[in-house]
Amino acid sequence: MAPGILGKKIGMTQVFRDNGRIVPVTALQAGPCVVVSRKTSEKDGYEALQVGLVEFINENRVNLPMRGHFAKSNVAPCRFLRELLLEGSEEEEWKTGDRILAGDFSVAERVDVIGTSKGRGFAGTIKRHNFRRGPESHGSMSHRAPGSIGQSSYPSRVIKGLRMPGQMGKQRVTVKNLEIIEVQADENVLLVKGAVPGPNGGYIIVRRIAN
């Protein structure tokens, strides 16, 4: 049983259950993926699979060390590579070149989806942390200012981790325990219930939850 699969976010839609209820789902282009290398406890100290998403990539854009890495495994170069830990699947003999497909997953199975959230650039405290606005009346000089950020006597410094303006988004986000609503094995598409981080076309990791 594959520990997970790589893919891309297609977009959101909705499907109808048998009882007529509408379910919001996210369509994921899951795979096909190929095992590029196998990490073992004896050699690397942990059990994992290095998996690559099979898609077109110009070989001229692959540097020489990575060309050698792919040639050693006898697989085509991949743009998106990630390691998937083997926790409950150590008994299976995974080899380089093995393929992981969307058909390896089943309906009603629970998975974690990992992606990179949309980048919002530099944002203030109102947008970034949901702060309230200041007085908007004439004479006020703190309409969107964050307010006091320190103490005058003790500890006389700005405490670490204080919520302030800064970069918003473009972070690794994991949405846990999403239900697989539909599996379209012929097209390598998974429909999962709910929202998934990142823009349409962004790379994602679908991680199977260990029982």
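The legends below describe close-up views of a predicted model.

**View A. Lining of the second largest pocket.** This pocket has a volume of about 190 Å³. Strand S3 (33–39) and helix H1 (64–73) each supply at least two lining residues, and S3 gives the largest share, four residues. Among the lining residues are Val 36, Arg 38, Asp 44, His 69, Lys 72 and Thr 96. By class, the lining has one nonpolar, five polar and five charged residues.

**View B. Salt bridge between Arg 38 and Glu 47.** Arg 38, one of the residues that line the second largest pocket, meets Glu 47 through its side chain at 2.5 Å, N to O. Glu 47 counts as buried because its relative accessible area is 16%, under the 20% cut-off.

**View C. Salt bridge between Arg 207 and Asp 112.** The closest N and O atoms of this pair are 3.1 Å apart. The pair links distant parts of the chain, with Arg 207 in strand S12 (residues 203–208) and Asp 112 in strand S7 (residues 110–116), 95 residues apart. Asp 112 is buried at 8% relative accessible area, whereas Arg 207 is partly exposed at 32%.

**View D. Salt bridge between Glu 136 and Arg 133.** The two side chains meet at 3.2 Å, N to O. Glu 136 is exposed, with a relative accessible area of 58%, and Arg 133 is partly exposed at 40%.

**View E. Network of Lys 8, Glu 55 and Arg 79.** Salt bridges link these three residues in a network. The structure holds nine salt bridges.

**View F. Nonpolar surface patch.** Ile 149, Val 158, Leu 162 and Met 164 make a patch of about 280 Å². Leu 162 lies in the loop between helix H2 (125–129) and strand S9 (166–169) and is partly exposed, at 37% relative accessibility.

Key. Residues are numbered from 1 along each chain as its sequence is written. This is a predicted model: local features need pLDDT of at least 70, side-chain atom pairs count only at pLDDT 80 or more; totals for chains, interfaces and linings use all residues. Side-chain values use heavy atoms; hydrogens and water are left out. Patches are made of residues with over 30% relative accessible area and no salt bridge: like charges are joined within 9 Å, nonpolar side chains (Val, Leu, Ile, Met, Phe, Trp, Tyr) within 5 Å. Accessible areas come from the Shrake-Rupley method with a 1.4 Å probe; for residues, only the protein chains shown count as cover. A salt bridge is a side-chain nitrogen of Lys or Arg within 4 Å of a carboxyl oxygen of Asp or Glu. Buried means under 20% relative accessible area, exposed over 50%, partly exposed in between (1.4 Å probe, protein chains only). On a 1 Å grid over the protein atoms alone, a cavity is a set of points where a 1.4 Å probe fits but cannot get out, and a pocket is an open set with protein on both sides within 12 Å along at least five of seven lines; lining residues have an atom within 4 Å of a point. Grid points are joined across faces, edges and corners, and a volume is the space filled by probe spheres set on the points. Ala, Val, Leu, Ile, Met, Phe, Trp, Tyr, Cys and Pro count as nonpolar, Asp, Glu, Lys and Arg as charged, and the others, Gly among them, as polar.
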